[in-house]
Amino acid sequence: MTSKKLKASITGVHGYVPDYILTNRELETLVDTTDEWIVTRTGIKERRILKGDMKGTSILGVECVKGLLNKTDTDPKEIDLIICATVTPDMLFPSTSNLIADRVGASNSYGFDISAACSGFIYALATGSQFIEAGTHKKVIVVGADKMSSIIDYEERKNCVLFGDGGGAVLLEPSEDENGIQDYLLKSDGSGGDMLCLKAGGSLKPASIETIKNKEHYIYQEGSSVFKFAVTNMADISEEIMNNNNLSSDDVAYLVPHQANKRIIDATAKRMGIGPEKVLLNIEKYGNTTAGTIPLCLWDFENKFKKGDNLILAAFGGGFTWGSLYLKWSYNN
Ligand code: UT7
C-alpha cells in the first residue's frame, strides 16, 4: 500500500488594513501628480496608512492573527509556528514574528521572518507548507504584512503613489483530503537587487547623518526597468506552473496576483489565457502592500471560493524574487 503525501491546507484567512485612507486627491496636494496619471498607469485609487508614533508592522500582523484565531476558533497556545513575510520589520531584530507571537499569546510557538519583498507571502506559504507536509507541525500561521509608509518619501512622486500599509494571515493545517497546496515555483536573481532596494540602514551602509541627508532610508526603485522584469517573469512563472500541473485556463478558478500594477496583472492573465472575471483585484483600494497583497486578496474574496477551486498565486518583487503557487481551496464559507 502506498502512503499518500500529506498536504497543507489553508483553513482560514484574515486581513487587516489601517483606517486612514490616503486618496489620489490627497497625493495631488503633496506631490506633482494627478489622479488620472495614477489610475491609468497603476490602477490605484487609494491606499491605507498606519498613522501614529511607535506603530510598526507587528501591529498589522497582530490584528490579522487575532482575527484569524478568533474566526477559526483556535487557541493561540495550539500554534506551533508563526512565519512573517515582511521587508518593514519593526526592527532589524528581533523578528516581527516573535513580537506577533508574544502579543497574541502564542506562547508555544516559535517563529521567524522571511525577507522576499513582494514575493514574501508566496515564499512564506511554501515554507510553512513544508512543516505541515513533514508531519512535524499541526498548526502554522503565515503572515504577510508591510508598513510601506515607513520607507516612503512623501515629497517624491515616483513611489509614494504606489504603496500602502496592510497585511493578511492564513492558518495552515494538514489537509483531510486532496485539497491544499499542490505545487509551487520560487525563483530569485540577486543581479537585479540594485533596481529595487533600501540603500541604507543595513550592515553595508549603517544609518548616519549622511544617509539620512541622502534619503537612503526610503525605497529606491527603477520603476520602468522593474516593470519589464515583472511583466515577463510573473507571466512566465504563472504559465510554467499551469503547464507543470497540466492545468488549462478552464481549470483555473482564480488568479490571485501580487497587486503592484494593474498592467502587470493584465499581462499575466493574458499569458495564462484567463479572462478578467477570474482575476482577483483590490489594488484600487490598497495599492501595493508588498507582502500583504496576496493574503489581503484571499481575505477580500474568500466568500467567492468553493472547496476544490484551483487557485494560482503569483508575485514578483525586489531581490529580484518571483514565484507562483498552485492550491486547491479547502473549505466552503
Ligand atoms: O511590487 C514590486 C515590484 N514593483 C513593481 O512591480 C513596479 C513596477 N513598475 C511600475 O509599475 C511602473 O514602472 C510605474 C508605475 C512605477 C511607473 O510607470 P511607467 O509607465 O513605467 O512610468 P515611467 O517611470 O516611465 O515614467 C513616465 C513619466 C515620466 O515623465 P517623463 O520623463 O516622461 O516626462 C515620469 O517622471 O511619468 C512621470 N511620473 C509621474 N507623473 C505623474 C512618474 N511618477 C509620476 C507620478 N505622477 N506619480
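In this predicted model, strand E8 and strand E13 (residues 321–328) run antiparallel and are joined by eight bridges. Within this pairing, Leu 185 has Ser 324 of E13 as its bridge partner. Strands of a sheet pair through backbone hydrogen bonds, in either a parallel or an antiparallel manner.

The E8–E13 pair belongs to an open sheet of four strands, ordered E8-E13-E12-E11, in which the pairing is mixed. Strand E8 (180–188) and strand E11 (254–257) are the edge strands, each pairing on one side only. From one strand to the next, the twist averages 15°. Helix H8 (residues 223–244) packs on this sheet and touches E8, E11, strand E12 (310–317) and E13. The direction of H8 makes about 150° with that of E12.

In total, 24 residues surround the ligand, the closest being Thr 33, Arg 41, Arg 157, Asn 261 and Asn 288. By class, the shell comprises 10 nonpolar, nine polar and five charged residues.

A polar side-chain atom of Arg 41 lies 2.8 Å from an oxygen atom of the ligand. A polar backbone atom of Gly 223 is 3.0 Å from a ligand oxygen atom, and an N or O atom in the side chain of His 258 is 3.0 Å from an oxygen atom of the ligand. Taken alone, the ligand exposes 950 Å², of which the protein buries 72%.

Key: Residues are numbered from 1 along each chain as its sequence is written. This is a predicted model: local features need pLDDT of at least 70, side-chain atom pairs count only at pLDDT 80 or more; totals for chains, interfaces and linings use all residues. Side-chain values use heavy atoms; hydrogens and water are left out. Two strands pair if DSSP finds at least two bridges between them. Helices (H or I, at least four residues) and strands (E, at least two) are DSSP runs, numbered from the N terminus. Axes are lines fitted to C-alpha atoms, for helices over the stretch in contact, and angles run from 0 to 180 degrees between N-to-C directions. Contact means heavy atoms within 4.5 Å. A residue is near a molecule or strand if one of its heavy atoms lies within 4 Å of it. A polar contact is a pair of N or O atoms within 3.5 Å; within protein, one must be able to donate a hydrogen and the other to accept it, and residues adjacent in sequence count only if both atoms are side-chain atoms. Accessible areas come from the Shrake-Rupley method with a 1.4 Å probe; for residues, only the protein chains shown count as cover. Ala, Val, Leu, Ile, Met, Phe, Trp, Tyr, Cys and Pro count as nonpolar, Asp, Glu, Lys and Arg as charged, and the others, Gly among them, as polar.
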